[in-house]
Amino acid sequence: MPELSSALWPAIAAALVVLATPSAGPRQTSDLPPEPAREFRAAWVATVANIDWPSRPGLTTDQMRSELATIFDTAARLRLNAIILQVRPACDALYQSDIEPWSPHLTGRMGQAPDPPFDPLAFAIEEGHRRGIEVHAWFNPYRALHSTAPGPVSANHISRTHPHLVRRYGRMLWLDPGEPAVRDHTVRVIMDVVRRYDIDGVHLDDYFYPYPTRDPQGRLLDFPDGPSWARYVRSGGKLQRDDWRRSNVDTLIERLYREIKAAKPWVKFGISPFGIWRPGTPPGIRGLDAFAAIYADSRRWIREGWLDYWTPQLYWRIDAPGQSYPVLLRWWVEQNVHGRHVWPGNFTSRVADGSPTAWESQEIVDQIEATRAQPGATGNVHFSMRPLLRDRGGIAAALARGPYREPALVPASPWLDDRPPATPALRVEGQRPEERVLRWDPRGDETARLWVVQTRVGGAWTTAILPQGERAAPAPAGLEAAAVSAVDRSGMRSKPALWRAAR
(Lines give C-alpha, C1' and ligand atoms only; values in the text may rest on other atoms or scores of the structure.)
Protein backbone atom coordinates (compact mmCIF):
# COMPACT_ATOMS: atom_id res chain seq x y z
CA MET A 1 0.00 0.00 0.00
CA PRO A 2 1.42 3.42 -0.90
CA GLU A 3 2.39 5.42 2.15
CA LEU A 4 2.32 9.15 2.73
CA SER A 5 5.58 10.76 1.61
CA SER A 6 7.57 11.71 4.69
CA ALA A 7 8.72 14.87 2.93
CA LEU A 8 5.16 16.03 2.35
CA TRP A 9 3.62 14.98 5.68
CA PRO A 10 4.49 18.21 7.57
CA ALA A 11 3.10 20.38 4.77
CA ILE A 12 -0.13 18.36 4.55
CA ALA A 13 -0.56 18.31 8.30
CA ALA A 14 -0.04 22.08 8.44
CA ALA A 15 -2.55 22.60 5.64
CA LEU A 16 -5.16 20.51 7.42
CA VAL A 17 -4.57 22.35 10.68
CA VAL A 18 -4.91 25.73 8.97
CA LEU A 19 -8.01 24.62 7.11
CA ALA A 20 -9.54 23.16 10.25
CA THR A 21 -9.95 26.69 11.59
CA PRO A 22 -13.42 27.48 10.24
CA SER A 23 -14.22 30.84 8.72
CA ALA A 24 -16.77 33.03 10.41
CA GLY A 25 -20.29 32.04 9.46
CA PRO A 26 -22.95 29.43 10.12
CA ARG A 27 -22.01 25.92 11.18
CA GLN A 28 -22.08 23.47 8.29
CA THR A 29 -23.44 20.37 9.97
CA SER A 30 -24.37 18.44 6.81
CA ASP A 31 -22.92 14.96 6.44
CA LEU A 32 -22.21 15.87 2.79
CA PRO A 33 -19.19 18.09 2.24
CA PRO A 34 -19.50 21.30 0.19
CA GLU A 35 -18.19 21.58 -3.35
CA PRO A 36 -14.51 22.60 -3.34
CA ALA A 37 -13.63 26.00 -4.78
CA ARG A 38 -12.83 26.12 -8.49
CA GLU A 39 -10.43 28.78 -9.79
CA PHE A 40 -7.39 28.83 -12.06
CA ARG A 41 -4.50 30.43 -10.17
CA ALA A 42 -1.36 30.57 -12.23
CA ALA A 43 1.84 32.51 -12.82
CA TRP A 44 4.01 32.83 -15.88
CA VAL A 45 7.66 31.86 -15.37
CA ALA A 46 9.55 33.77 -18.07
CA THR A 47 12.96 32.48 -19.11
CA VAL A 48 13.68 34.97 -21.91
CA ALA A 49 16.27 37.51 -20.74
CA ASN A 50 16.28 35.55 -17.44
CA ILE A 51 13.23 37.49 -16.24
CA ASP A 52 12.12 34.86 -13.71
CA TRP A 53 14.33 31.80 -14.11
CA PRO A 54 17.17 31.05 -14.09
CA SER A 55 18.23 34.22 -12.31
CA ARG A 56 21.18 34.54 -14.69
CA PRO A 57 22.88 32.45 -17.37
CA GLY A 58 25.65 30.11 -16.33
CA LEU A 59 24.34 28.86 -12.99
CA THR A 60 25.35 25.38 -11.96
CA THR A 61 22.88 22.56 -12.40
CA ASP A 62 22.32 22.44 -8.65
CA GLN A 63 21.64 26.19 -8.56
CA MET A 64 19.17 25.97 -11.43
CA ARG A 65 17.36 23.06 -9.80
CA SER A 66 17.23 24.86 -6.47
CA GLU A 67 15.81 28.04 -7.98
CA LEU A 68 13.15 26.13 -9.90
CA ALA A 69 12.19 24.14 -6.80
CA THR A 70 11.84 27.42 -4.89
CA ILE A 71 9.42 28.65 -7.55
CA PHE A 72 7.20 25.62 -7.00
CA ASP A 73 7.53 25.88 -3.22
CA THR A 74 6.34 29.49 -3.44
CA ALA A 75 3.51 28.58 -5.79
CA ALA A 76 2.33 25.87 -3.39
CA ARG A 77 2.55 28.22 -0.40
CA LEU A 78 0.42 30.79 -2.25
CA ARG A 79 -2.04 28.05 -3.25
CA LEU A 80 -1.46 28.52 -6.96
CA ASN A 81 -2.53 25.49 -8.95
CA ALA A 82 -0.63 26.05 -12.22
CA ILE A 83 2.72 27.29 -13.50
CA ILE A 84 3.17 28.38 -17.13
CA LEU A 85 6.86 27.79 -17.88
CA GLN A 86 8.47 29.37 -20.94
CA VAL A 87 10.28 26.50 -22.65
CA ARG A 88 10.85 28.04 -26.09
CA PRO A 89 11.70 31.75 -25.93
CA ALA A 90 13.13 32.00 -29.47
CA CYS A 91 13.69 28.82 -31.49
CA ASP A 92 15.65 27.39 -28.58
CA ALA A 93 14.79 24.85 -25.92
CA LEU A 94 14.73 24.66 -22.15
CA TYR A 95 14.35 20.90 -22.46
CA GLN A 96 16.17 18.08 -24.23
CA SER A 97 15.44 18.56 -27.93
CA ASP A 98 16.72 17.01 -31.14
CA ILE A 99 15.06 19.81 -33.15
CA GLU A 100 16.28 23.08 -31.63
CA PRO A 101 19.39 24.03 -29.61
CA TRP A 102 19.65 24.44 -25.87
CA SER A 103 18.65 27.95 -24.83
CA PRO A 104 21.49 30.38 -24.14
CA HIS A 105 19.51 31.69 -21.17
CA LEU A 106 20.53 28.49 -19.35
CA THR A 107 24.28 28.12 -19.73
CA GLY A 108 25.13 31.42 -21.39
CA ARG A 109 25.91 29.74 -24.71
CA MET A 110 23.35 28.55 -27.24
CA GLY A 111 23.50 24.81 -27.86
CA GLN A 112 25.45 24.08 -24.69
CA ALA A 113 23.68 21.59 -22.45
CA PRO A 114 23.71 21.89 -18.65
CA ASP A 115 26.53 19.89 -17.08
CA PRO A 116 25.81 17.74 -15.14
CA PRO A 117 22.82 16.93 -17.38
CA PHE A 118 19.56 18.63 -16.45
CA ASP A 119 16.22 18.79 -18.28
CA PRO A 120 14.36 21.82 -16.84
CA LEU A 121 10.96 20.87 -18.25
CA ALA A 122 11.11 17.30 -16.96
CA PHE A 123 12.21 18.60 -13.55
CA ALA A 124 9.44 21.22 -13.50
CA ILE A 125 6.81 18.60 -14.29
CA GLU A 126 8.12 16.38 -11.49
CA GLU A 127 8.19 19.25 -8.98
CA GLY A 128 4.81 20.59 -10.03
CA HIS A 129 2.92 17.31 -10.04
CA ARG A 130 4.50 16.32 -6.71
CA ARG A 131 2.77 19.38 -5.26
CA GLY A 132 -0.48 19.03 -7.19
CA ILE A 133 0.38 21.93 -9.52
CA GLU A 134 -0.29 21.83 -13.26
CA VAL A 135 2.61 22.62 -15.59
CA HIS A 136 1.87 24.30 -18.92
CA ALA A 137 4.63 24.55 -21.54
CA TRP A 138 4.83 28.08 -22.95
CA PHE A 139 6.07 28.55 -26.51
CA ASN A 140 6.80 31.59 -28.63
CA PRO A 141 5.73 30.42 -32.10
CA TYR A 142 7.69 32.79 -34.35
CA ARG A 143 10.53 34.59 -32.57
CA ALA A 144 13.84 33.15 -33.80
CA LEU A 145 16.48 35.09 -31.83
CA HIS A 146 15.99 37.53 -28.97
CA SER A 147 18.19 40.60 -28.73
CA THR A 148 19.27 39.61 -25.19
CA ALA A 149 20.47 36.12 -26.13
CA PRO A 150 24.09 35.76 -24.90
CA GLY A 151 26.87 34.18 -26.89
CA PRO A 152 27.11 33.16 -30.56
CA VAL A 153 24.36 31.47 -32.54
CA SER A 154 24.86 27.71 -32.61
CA ALA A 155 25.28 25.75 -35.84
CA ASN A 156 21.96 23.92 -35.37
CA HIS A 157 19.86 27.10 -34.91
CA ILE A 158 17.25 27.61 -37.60
CA SER A 159 18.86 30.87 -38.70
CA ARG A 160 21.89 28.77 -39.72
CA THR A 161 20.17 25.60 -40.95
CA HIS A 162 17.23 27.25 -42.78
CA PRO A 163 18.11 30.93 -43.22
CA HIS A 164 15.50 31.35 -45.97
CA LEU A 165 12.77 31.00 -43.30
CA VAL A 166 14.15 33.74 -41.06
CA ARG A 167 13.72 37.52 -41.33
CA ARG A 168 15.53 40.30 -39.47
CA TYR A 169 13.10 42.83 -38.05
CA GLY A 170 14.51 45.52 -35.82
CA ARG A 171 17.04 44.02 -33.40
CA MET A 172 15.63 40.49 -33.51
CA LEU A 173 15.25 37.55 -35.87
CA TRP A 174 11.79 36.19 -36.67
CA LEU A 175 10.41 33.22 -38.52
CA ASP A 176 8.24 34.28 -41.44
CA PRO A 177 4.65 33.12 -40.76
CA GLY A 178 3.98 33.29 -44.50
CA GLU A 179 6.28 30.34 -45.15
CA PRO A 180 4.40 27.00 -44.90
CA ALA A 181 7.66 25.38 -43.75
CA VAL A 182 7.65 27.70 -40.72
CA ARG A 183 4.22 26.47 -39.74
CA ASP A 184 5.41 22.87 -40.13
CA HIS A 185 8.48 23.56 -38.00
CA THR A 186 6.55 25.28 -35.21
CA VAL A 187 3.99 22.48 -35.04
CA ARG A 188 6.73 19.87 -35.07
CA VAL A 189 8.51 21.54 -32.14
CA ILE A 190 5.37 21.84 -30.04
CA MET A 191 4.06 18.37 -30.80
CA ASP A 192 7.45 16.87 -29.92
CA VAL A 193 6.98 18.26 -26.41
CA VAL A 194 3.33 17.17 -26.23
CA ARG A 195 4.24 13.60 -27.11
CA ARG A 196 7.35 13.24 -24.92
CA TYR A 197 6.46 15.17 -21.76
CA ASP A 198 3.62 14.82 -19.27
CA ILE A 199 2.55 18.46 -19.58
CA ASP A 200 -0.91 19.69 -18.64
CA GLY A 201 -1.14 22.43 -21.23
CA VAL A 202 0.39 24.13 -24.26
CA HIS A 203 0.49 27.92 -24.03
CA LEU A 204 1.16 30.59 -26.67
CA ASP A 205 1.86 34.20 -25.75
CA ASP A 206 0.96 37.39 -27.64
CA TYR A 207 3.85 37.47 -30.12
CA PHE A 208 2.55 36.49 -33.55
CA TYR A 209 3.83 38.83 -36.22
CA PRO A 210 6.20 41.09 -34.25
CA TYR A 211 5.02 44.25 -32.59
CA PRO A 212 5.72 47.32 -34.79
CA THR A 213 9.30 48.59 -34.76
CA ARG A 214 10.72 51.88 -35.99
CA ASP A 215 13.99 52.62 -37.75
CA PRO A 216 16.54 55.12 -36.35
CA GLN A 217 14.65 57.91 -38.11
CA GLY A 218 11.42 56.98 -36.34
CA ARG A 219 9.69 55.48 -39.37
CA LEU A 220 7.59 52.34 -38.94
CA LEU A 221 9.19 49.28 -40.46
CA ASP A 222 7.07 46.80 -42.38
CA PHE A 223 7.73 43.14 -41.72
CA PRO A 224 10.03 41.91 -44.53
CA ASP A 225 7.92 39.04 -45.86
CA GLY A 226 8.15 40.05 -49.52
CA PRO A 227 9.36 36.66 -50.82
CA SER A 228 6.60 34.64 -49.18
CA TRP A 229 3.96 37.21 -50.15
CA ALA A 230 5.13 37.21 -53.79
CA ARG A 231 5.01 33.41 -53.84
CA TYR A 232 1.46 33.48 -52.49
CA VAL A 233 0.35 35.94 -55.16
CA ARG A 234 2.02 33.92 -57.94
CA SER A 235 0.19 30.81 -56.74
CA GLY A 236 -3.14 32.53 -57.34
CA GLY A 237 -3.83 33.78 -53.80
CA LYS A 238 -6.68 36.29 -53.64
CA LEU A 239 -6.38 37.74 -50.13
CA GLN A 240 -5.13 41.24 -49.46
CA ARG A 241 -1.74 41.26 -47.75
CA ASP A 242 -3.02 42.06 -44.24
CA ASP A 243 -5.74 39.41 -44.52
CA TRP A 244 -3.17 36.91 -45.78
CA ARG A 245 -0.97 37.59 -42.77
CA ARG A 246 -3.90 37.03 -40.40
CA SER A 247 -4.81 33.86 -42.27
CA ASN A 248 -1.27 32.53 -41.77
CA VAL A 249 -1.66 32.87 -38.01
CA ASP A 250 -5.22 31.51 -38.01
CA THR A 251 -4.05 28.38 -39.83
CA LEU A 252 -1.35 27.73 -37.24
CA ILE A 253 -3.76 28.12 -34.30
CA GLU A 254 -6.38 25.81 -35.79
CA ARG A 255 -3.82 23.18 -36.74
CA LEU A 256 -2.18 23.21 -33.33
CA TYR A 257 -5.46 22.65 -31.56
CA ARG A 258 -6.38 19.79 -33.87
CA GLU A 259 -3.01 18.04 -33.56
CA ILE A 260 -2.76 18.44 -29.78
CA LYS A 261 -6.19 16.88 -29.33
CA ALA A 262 -5.35 14.02 -31.71
CA ALA A 263 -2.21 13.18 -29.72
CA LYS A 264 -3.34 13.81 -26.12
CA PRO A 265 -6.94 15.02 -25.77
CA TRP A 266 -6.45 15.99 -22.12
CA VAL A 267 -3.65 18.51 -22.80
CA LYS A 268 -5.21 21.96 -22.66
CA PHE A 269 -4.36 24.55 -25.30
CA GLY A 270 -4.32 28.17 -24.17
CA ILE A 271 -3.45 31.53 -25.72
CA SER A 272 -2.69 34.86 -24.03
CA PRO A 273 -3.31 37.53 -26.69
CA PHE A 274 -2.93 41.27 -26.36
CA GLY A 275 -5.87 42.38 -24.21
CA ILE A 276 -7.48 44.61 -26.87
CA TRP A 277 -8.82 43.04 -30.05
CA ARG A 278 -9.46 46.36 -31.83
CA PRO A 279 -9.71 49.94 -30.54
CA GLY A 280 -13.34 50.96 -30.10
CA THR A 281 -14.36 47.39 -29.30
CA PRO A 282 -16.05 47.58 -26.90
CA PRO A 283 -16.93 51.30 -27.16
CA GLY A 284 -14.50 53.63 -25.39
CA ILE A 285 -11.54 51.25 -25.54
CA ARG A 286 -8.28 52.75 -26.84
CA GLY A 287 -4.89 51.23 -27.55
CA LEU A 288 -2.87 49.16 -30.00
CA ASP A 289 -4.84 47.57 -32.84
CA ALA A 290 -3.49 44.01 -32.55
CA PHE A 291 -5.72 42.94 -35.45
CA ALA A 292 -3.87 45.33 -37.78
CA ALA A 293 -0.46 45.65 -36.09
CA ILE A 294 0.50 42.06 -35.28
CA TYR A 295 -2.14 40.40 -37.51
CA ALA A 296 -3.79 38.59 -34.62
CA ASP A 297 -7.53 38.09 -35.19
CA SER A 298 -7.80 36.87 -31.63
CA ARG A 299 -11.57 37.22 -31.43
CA ARG A 300 -11.87 34.67 -34.21
CA TRP A 301 -9.82 32.09 -32.32
CA ILE A 302 -12.07 32.13 -29.28
CA ARG A 303 -15.25 32.28 -31.35
CA GLU A 304 -14.11 29.30 -33.42
CA GLY A 305 -13.28 27.29 -30.30
CA TRP A 306 -9.68 26.63 -31.32
CA LEU A 307 -8.53 26.58 -27.69
CA ASP A 308 -9.39 25.38 -24.21
CA TYR A 309 -8.57 28.50 -22.25
CA TRP A 310 -8.27 32.17 -23.02
CA THR A 311 -5.92 34.52 -21.16
CA PRO A 312 -6.21 38.04 -22.61
CA GLN A 313 -3.46 40.20 -21.18
CA LEU A 314 -5.50 42.81 -19.31
CA TYR A 315 -2.49 44.77 -18.13
CA TRP A 316 -4.33 47.92 -17.08
CA ARG A 317 -5.88 49.23 -13.89
CA ILE A 318 -9.52 48.69 -13.07
CA ASP A 319 -10.18 52.41 -13.51
CA ALA A 320 -8.01 52.96 -16.63
CA PRO A 321 -10.23 55.24 -18.76
CA GLY A 322 -9.42 53.71 -22.15
CA GLN A 323 -8.55 50.17 -21.06
CA SER A 324 -10.83 49.36 -18.15
CA TYR A 325 -10.07 45.90 -16.77
CA PRO A 326 -13.69 44.91 -16.01
CA VAL A 327 -15.01 46.38 -19.28
CA LEU A 328 -12.51 44.42 -21.37
CA LEU A 329 -13.04 41.27 -19.33
CA ARG A 330 -16.80 41.41 -19.80
CA TRP A 331 -16.38 41.86 -23.57
CA TRP A 332 -14.04 38.89 -23.86
CA VAL A 333 -16.44 36.69 -21.89
CA GLU A 334 -19.17 37.69 -24.33
CA GLN A 335 -17.05 36.38 -27.22
CA ASN A 336 -16.70 32.97 -25.56
CA VAL A 337 -19.55 31.32 -27.46
CA HIS A 338 -18.18 27.79 -26.94
CA GLY A 339 -18.01 28.07 -23.15
CA ARG A 340 -14.26 27.60 -22.84
CA HIS A 341 -12.26 28.92 -19.89
CA VAL A 342 -11.58 32.66 -19.58
CA TRP A 343 -8.61 33.30 -17.28
CA PRO A 344 -7.33 36.87 -17.77
CA GLY A 345 -3.69 37.80 -17.35
CA ASN A 346 -2.76 40.39 -14.71
CA PHE A 347 0.25 42.71 -14.69
CA THR A 348 1.37 41.73 -11.20
CA SER A 349 4.91 42.88 -12.05
CA ARG A 350 3.70 46.47 -11.88
CA VAL A 351 3.37 46.15 -8.10
CA ALA A 352 6.14 48.14 -6.38
CA ASP A 353 8.25 48.04 -9.55
CA GLY A 354 10.13 51.21 -8.63
CA SER A 355 8.51 53.34 -11.33
CA PRO A 356 6.46 56.51 -10.74
CA THR A 357 3.37 54.60 -11.92
CA ALA A 358 3.88 51.50 -9.75
CA TRP A 359 0.77 49.77 -8.45
CA GLU A 360 -0.17 48.88 -4.91
CA SER A 361 -0.78 45.20 -4.22
CA GLN A 362 -4.44 46.01 -3.59
CA GLU A 363 -4.89 46.67 -7.32
CA ILE A 364 -4.18 43.01 -8.10
CA VAL A 365 -6.39 41.80 -5.25
CA ASP A 366 -9.19 44.00 -6.60
CA GLN A 367 -8.68 42.64 -10.11
CA ILE A 368 -9.03 39.09 -8.82
CA GLU A 369 -12.26 40.07 -7.10
CA ALA A 370 -13.44 41.75 -10.31
CA THR A 371 -12.74 38.51 -12.16
CA ARG A 372 -14.74 36.55 -9.62
CA ALA A 373 -17.61 39.01 -9.99
CA GLN A 374 -17.74 38.45 -13.77
CA PRO A 375 -19.83 35.38 -14.68
CA GLY A 376 -17.92 33.25 -17.14
CA ALA A 377 -14.45 34.20 -15.88
CA THR A 378 -12.94 31.63 -13.53
CA GLY A 379 -9.32 32.47 -12.76
CA ASN A 380 -6.27 34.66 -13.23
CA VAL A 381 -2.68 34.37 -14.47
CA HIS A 382 0.02 36.58 -12.94
CA PHE A 383 2.85 38.10 -14.93
CA SER A 384 5.18 37.13 -13.61
CA MET A 385 6.60 34.93 -10.87
CA ARG A 386 9.34 37.37 -9.80
CA PRO A 387 7.20 39.75 -7.68
CA LEU A 388 5.57 36.75 -5.99
CA LEU A 389 8.97 35.23 -5.17
CA ARG A 390 10.16 38.50 -3.66
CA ASP A 391 6.81 39.45 -2.10
CA ARG A 392 7.33 42.82 -3.71
CA GLY A 393 5.05 45.42 -2.24
CA GLY A 394 3.56 42.70 -0.04
CA ILE A 395 1.77 41.12 -3.02
CA ALA A 396 2.43 37.51 -2.02
CA ALA A 397 1.24 38.13 1.54
CA ALA A 398 -1.85 39.97 0.25
CA LEU A 399 -2.80 37.02 -1.95
CA ALA A 400 -2.11 34.41 0.73
CA ARG A 401 -4.22 36.11 3.39
CA GLY A 402 -6.87 37.33 0.95
CA PRO A 403 -8.22 35.73 -2.23
CA TYR A 404 -5.90 32.70 -2.09
CA ARG A 405 -6.27 31.88 1.59
CA GLU A 406 -7.93 28.55 0.79
CA PRO A 407 -7.10 26.04 -1.96
CA ALA A 408 -8.95 25.68 -5.24
CA LEU A 409 -9.21 23.13 -8.01
CA VAL A 410 -8.60 24.10 -11.61
CA PRO A 411 -12.04 24.45 -13.27
CA ALA A 412 -13.16 21.30 -15.08
CA SER A 413 -13.00 20.97 -18.88
CA PRO A 414 -15.92 18.64 -19.63
CA TRP A 415 -15.57 19.09 -23.41
CA LEU A 416 -12.28 17.17 -23.07
CA ASP A 417 -13.68 14.38 -20.89
CA ASP A 418 -17.02 14.50 -19.09
CA ARG A 419 -16.71 11.13 -17.31
CA PRO A 420 -15.78 11.52 -13.63
CA PRO A 421 -13.37 9.04 -12.05
CA ALA A 422 -14.53 6.31 -9.69
CA THR A 423 -15.12 7.03 -6.02
CA PRO A 424 -12.10 5.95 -3.94
CA ALA A 425 -12.28 3.65 -0.90
CA LEU A 426 -11.84 5.56 2.39
CA ARG A 427 -11.07 4.41 5.91
CA VAL A 428 -9.83 5.98 9.15
CA GLU A 429 -7.13 4.10 11.03
CA GLY A 430 -5.76 4.48 14.55
CA GLN A 431 -7.33 4.00 17.97
CA ARG A 432 -6.15 7.11 19.81
CA PRO A 433 -7.14 10.54 18.42
CA GLU A 434 -3.56 11.68 17.99
CA GLU A 435 -2.79 8.57 15.91
CA ARG A 436 -5.75 8.66 13.58
CA VAL A 437 -5.00 8.78 9.87
CA LEU A 438 -7.25 8.98 6.84
CA ARG A 439 -6.30 6.45 4.17
CA TRP A 440 -7.80 5.84 0.78
CA ASP A 441 -7.30 3.63 -2.26
CA PRO A 442 -8.15 4.44 -5.88
CA ARG A 443 -10.82 2.53 -7.76
CA GLY A 444 -11.66 2.21 -11.43
CA ASP A 445 -9.45 2.32 -14.49
CA GLU A 446 -8.74 6.06 -14.57
CA THR A 447 -5.76 7.45 -12.69
CA ALA A 448 -6.59 10.27 -10.30
CA ARG A 449 -4.57 13.45 -10.74
CA LEU A 450 -5.54 14.96 -7.38
CA TRP A 451 -7.39 14.05 -4.19
CA VAL A 452 -9.85 16.34 -2.46
CA VAL A 453 -9.70 15.57 1.26
CA GLN A 454 -12.45 17.15 3.36
CA THR A 455 -12.90 16.91 7.10
CA ARG A 456 -15.62 18.12 9.47
CA VAL A 457 -14.66 19.42 12.91
CA GLY A 458 -16.95 21.43 15.15
CA GLY A 459 -19.69 21.24 12.56
CA ALA A 460 -17.62 22.96 9.84
CA TRP A 461 -16.19 21.32 6.72
CA THR A 462 -12.69 22.23 5.55
CA THR A 463 -10.81 21.21 2.41
CA ALA A 464 -7.30 20.19 1.38
CA ILE A 465 -6.16 19.28 -2.14
CA LEU A 466 -3.40 16.66 -2.32
CA PRO A 467 -1.28 15.38 -5.22
CA GLN A 468 -1.96 12.05 -6.85
CA GLY A 469 0.88 10.19 -5.12
CA GLU A 470 -0.60 10.61 -1.66
CA ARG A 471 -2.88 8.00 -0.11
CA ALA A 472 -3.06 9.25 3.47
CA ALA A 473 -3.43 12.37 5.58
CA PRO A 474 -3.38 13.01 9.34
CA ALA A 475 -6.84 13.31 10.85
CA PRO A 476 -7.48 16.59 12.70
CA ALA A 477 -8.48 16.44 16.35
CA GLY A 478 -12.21 16.18 16.93
CA LEU A 479 -12.89 14.60 13.55
CA GLU A 480 -16.63 14.12 13.05
CA ALA A 481 -16.77 13.20 9.36
CA ALA A 482 -14.45 12.90 6.36
CA ALA A 483 -14.74 12.69 2.61
CA VAL A 484 -12.26 11.95 -0.17
CA SER A 485 -12.88 12.36 -3.88
CA ALA A 486 -10.70 11.81 -6.94
CA VAL A 487 -10.04 14.43 -9.63
CA ASP A 488 -8.93 13.46 -13.14
CA ARG A 489 -6.81 15.30 -15.70
CA SER A 490 -9.80 17.15 -17.12
CA GLY A 491 -10.80 18.37 -13.67
CA MET A 492 -13.78 16.04 -13.34
CA ARG A 493 -14.38 15.02 -9.72
CA SER A 494 -15.76 11.75 -8.44
CA LYS A 495 -18.53 11.40 -5.91
CA PRO A 496 -16.92 11.54 -2.46
CA ALA A 497 -16.24 8.53 -0.31
CA LEU A 498 -17.73 9.32 3.12
CA TRP A 499 -16.79 8.38 6.68
CA ARG A 500 -18.66 9.38 9.84
CA ALA A 501 -17.60 9.01 13.45
CA ALA A 502 -19.70 6.70 15.57
CA ARG A 503 -22.42 8.60 17.45
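View 1. Helices (H or I, at least four residues) and strands (E, at least two) are DSSP runs, numbered from the N terminus. In a regular strand the side chains alternate between the two faces of the sheet. Here E134, H136 and W138 are buried on one side of β3, and V135, A137 and F139 are buried on the other. Strand β2 (residues 82-88) runs parallel to β3 and is joined to it by six bridges, while four bridges join β3 to the parallel strand β7 (residues 201-204); two strands pair if DSSP finds at least two bridges between them. W138 stands opposite Q86 and also opposite H203 in β7.

Residues are numbered from 1 along each chain as its sequence is written. Local features of this predicted model need pLDDT of at least 70 and side-chain atom pairs count only at pLDDT 80 or more, whereas totals for chains, interfaces and linings use all residues; side-chain values use heavy atoms, and hydrogens and water are left out.

**View 2. The largest nonpolar core.** A nonpolar core is a set of buried Ala, Val, Leu, Ile, Met, Phe, Trp, Tyr and Cys residues joined through side-chain atoms within 4.5 Å. The largest has 105 residues, and those with the most contacts inside it include F139, I199 and F269. Helix α6 (residues 180-196) gives the most to this core, seven residues. Leaving aside neighbours within four places in sequence, I199 is in contact (heavy atoms within 4.5 Å) with residues including V135, A137 and R489.

**View 3. Aromatic pairs.** Rings of Phe, Tyr and Trp (its six-membered ring) pair if their centres lie within 6.5 Å; planes under 30 degrees apart count as stacked, over 60 as edge-to-face and the rest as tilted. The count comes to 30 aromatic pairs. The rings of Y207 and Y211 are edge-to-face, because their centres are 5.4 Å apart and their planes at 75°. Y257 and F269 form a tilted pair, with 6.3 Å centre to centre and 35° between the planes. Both Y257 and F269 are buried.

**View 4. Charges over rings.** A charge sits over a ring if NZ of Lys or CZ of Arg is within 6 Å of the ring centre and within 35 degrees of the ring normal. The charged end of R143 sits over the ring of Y207, 5.1 Å from its centre. R246 lies over the face of F291, at 3.8 Å from the ring centre.

Key
Buried < 20%, exposed > 50% of the residue type's maximum accessible area, 1.4 Å probe, protein only.
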